[in-house]
Amino acid sequence: GLLPQVLVEASRRVQVGPPGLSARAVVRLPGGAHGEGEPTREHVLGVQVARVDRKLIDGLLALGFVPVIATVAPLDPTTAGARDRLYNINADHAAAPLAKAFGCDALLFLTDVPGVLDEHERLISHLTPAQCETLKCQGVLRGGMIPKVEAALDALRALPQGLVKIAPAAGPDAVLDALRDEVGTRFRPSPESVAAQEDSHG
């Protein structure tokens, strides 16, 4: 896609020096669609990451590179389906399994709005899974924000101790800004989940 190319070029200009990679180097997909539809040239609805092979990325990181990954991949070899193509993965949905595989401390979903907004268009600074479900039932979450919030909740389950946020992509320092407490919407585990984790480690 165009965005990875833009990121690669921008990173080269500031001398970060990343290689642009296809996700086929690190992920594979289960067969067919988990949603509706049949494989087309490169797209199938509901595709999910099956597993992640981190060796290539680990090697690049060790050499000081910052990989930019395009989320396309071949079909998982244990699954029946067309193998003469690469499959597009929704980048938001690919983020959680990739972040889990690499043990990331933070996962930022950068978008064109300040974060998750309430019914009065005000930023919500923190959300739990239960609060997200309430907002969805009330119709406050709608359109493209629904799959983005679902992806953030997937990431929260994958990284219960990590920083998971939806934050604005605008500005020259969007990534650093998104790490600030007052920027974007942070997703937190429910109190019950936190208590269960504490009990399991107790």
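Entry 1, overall make-up. I counted seven helices and 10 strands in the protein; helices (H or I, at least four residues) and strands (E, at least two) are DSSP runs, numbered from the N terminus. This is a predicted model, where local features need pLDDT of at least 70, side-chain atom pairs count only at pLDDT 80 or more, and totals for chains, interfaces and linings use all residues. Residues are numbered from 1 along each chain as its sequence is written, and side-chain values use heavy atoms, with hydrogens and water left out.

Of the 202 residues, 35% count as buried (under 20% relative accessible area; exposed is over 50%, partly exposed in between, with a 1.4 Å probe and protein chains only). I also checked contacts (heavy atoms within 4.5 Å): among those between residues at least 6 apart in sequence, 62% join residues at least 24 apart.

Four strands make an open sheet with mixed pairing, in the order 7-9-10-8. Strand 7 and strand 8 (126-127) are the edges, each pairing on one side only. Two strands pair if DSSP finds at least two bridges between them. Strand 7 runs parallel to strand 9, with six bridges; I found F109 bridged to I166 and L108 bridged to K165. Which residues of strand 7 are on its covered face? They are L107, F109 and T111, while A106, L108 and L110 are on the uncovered one.

I tested the length of helix 5 (residues 145-158): its 14 residues should span 20 Å at 1.5 Å a residue, and the end C-alpha atoms are 20 Å apart, so the two agree. The expected span is 1.5 Å times one less than the number of residues. Buried residues of helix 5 include M145, K148 and V149. What do its buried residues pack against? I noted helix 3 (91-101), strand 7 (106-111), helix 4 (129-137), strand 9 (163-168) and strand 10 (185-187).

A pocket here is an open set of points on a 1 Å grid over the protein atoms alone, where a 1.4 Å probe fits, with protein on both sides within 12 Å along at least five of seven lines; lining residues have an atom within 4 Å of a point. Among the lining residues I noted D118, E119, R142 and M145.
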